[in-house]
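The sequence and structure are shown first.

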Amino acid sequence: AQAVERNIFDKIQNICASVVRDLTTFGLCVVDDFLGHEIGSLILEEVLRLQKTGTFSDGQLVSAKTHGKDVKTIRGDQITWLDGKERTCRNISMLISIVDAVITRASKLPRNGKLGNHRISGRTKAMVACYPGNGSHYVKHVDNPNQDGRLITAIYYLNKNWNRETDGGVLRIFPEGEFWRDNVADIEPLFDRILFFWSDRRNPHEVQPAFTTRYAITLWYFD
Ligand SMILES: O=C(O)CNC(=O)c1n[nH]c2ccccc2c1=O
Ligand SMILES: [Fe+2]
């Protein structure tokens, strides 16, 4: 794991540059194969163990509409919060410190991107979310609509062999900015993929109905 960690810290350099460039240009940034299959799998195992030991909240109740009528409520996403110091989540802790390193370094890069002007002052705990595969979804929303301090949303996905045709669960972002015009960004929640995007009104987004259990770990960074 030593060599793997060194390799990851080497990768962090160029990831920071692409985070700044893409956030500045597109308002979002997708990095695939972020930690590698080995560490990604260890993180997934820890999440599955968390779920088995029942630390997840009951999914929030959402009403499922059929023909416009509220016919039943389904359990939506189940979440649990981690501060990364838990002994049983050493690999999730490593993910958190690596994302911290990426965001902190990216915020210090020379002023070629907006990020260069933002001093990151901290972050939330890590939110581990599980969308049970019962069509659970998340309605279109903005993470930080009223200047609560959150600048960047970082989501790390854990779903192996995800197929949007059968599994759904695409994150659809409706980014502002002339680059996008009226286009949307459909992000599949692929294993070992990390996504960064501005948390404010620039990026309304929705999680489309998932038909396979869908895991993600989210961190929000404050400026
Ligand atoms: O999983 C995704 O791809 C995107 N996910 C979201 O946008 C998202 N946003 N805000 C939340 C607040 C509370 C609990 C879950 C969430 C949540 O999944
Ligand atoms: Fe969100």
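In the classification used here, Ala, Val, Leu, Ile, Met, Phe, Trp, Tyr, Cys and Pro count as nonpolar, Asp, Glu, Lys and Arg as charged, and the others, Gly among them, as polar. By this scheme, the shell around ligand 1 holds eight nonpolar, two polar and three charged residues. This is a predicted model, in which local features need pLDDT of at least 70, side-chain atom pairs count only at pLDDT 80 or more, and totals for chains, interfaces and linings use all residues. Residues are numbered from 1 along each chain as its sequence is written, chains are lettered from A and ligands numbered from 1 in the order in which they are written, and side-chain values use heavy atoms, without hydrogens and water.

Ligand 1 is surrounded by 13 residues, the closest being Tyr131, His141, Tyr157, His205 and Arg214; a residue counts as near if one of its heavy atoms lies within 4 Å. Polar contacts (pairs of N or O atoms within 3.5 Å) are listed below.

| Side chain | Atom of ligand 1 | Distance |
|---|---|---|
| His141 | nitrogen | 3.1 Å |
| His205 | oxygen | 2.9 Å |
| Arg214 | oxygen | 2.8 Å |

The iron ion (ligand 2) is coordinated by His141 (NE2), Asp143 (OD) and His205 (NE2) at 2.1 to 2.2 Å; donors are N, O and S atoms within 2.8 Å of the metal (3.2 Å for Na, K and Ca), and water is not among the atoms, so sites may look incomplete. The sequence spacing of these donor residues is H-x1-D-x61-H.

Terms used
A polar contact is a pair of N or O atoms within 3.5 Å; within protein, one must be able to donate a hydrogen and the other to accept it, and residues adjacent in sequence count only if both atoms are side-chain atoms.
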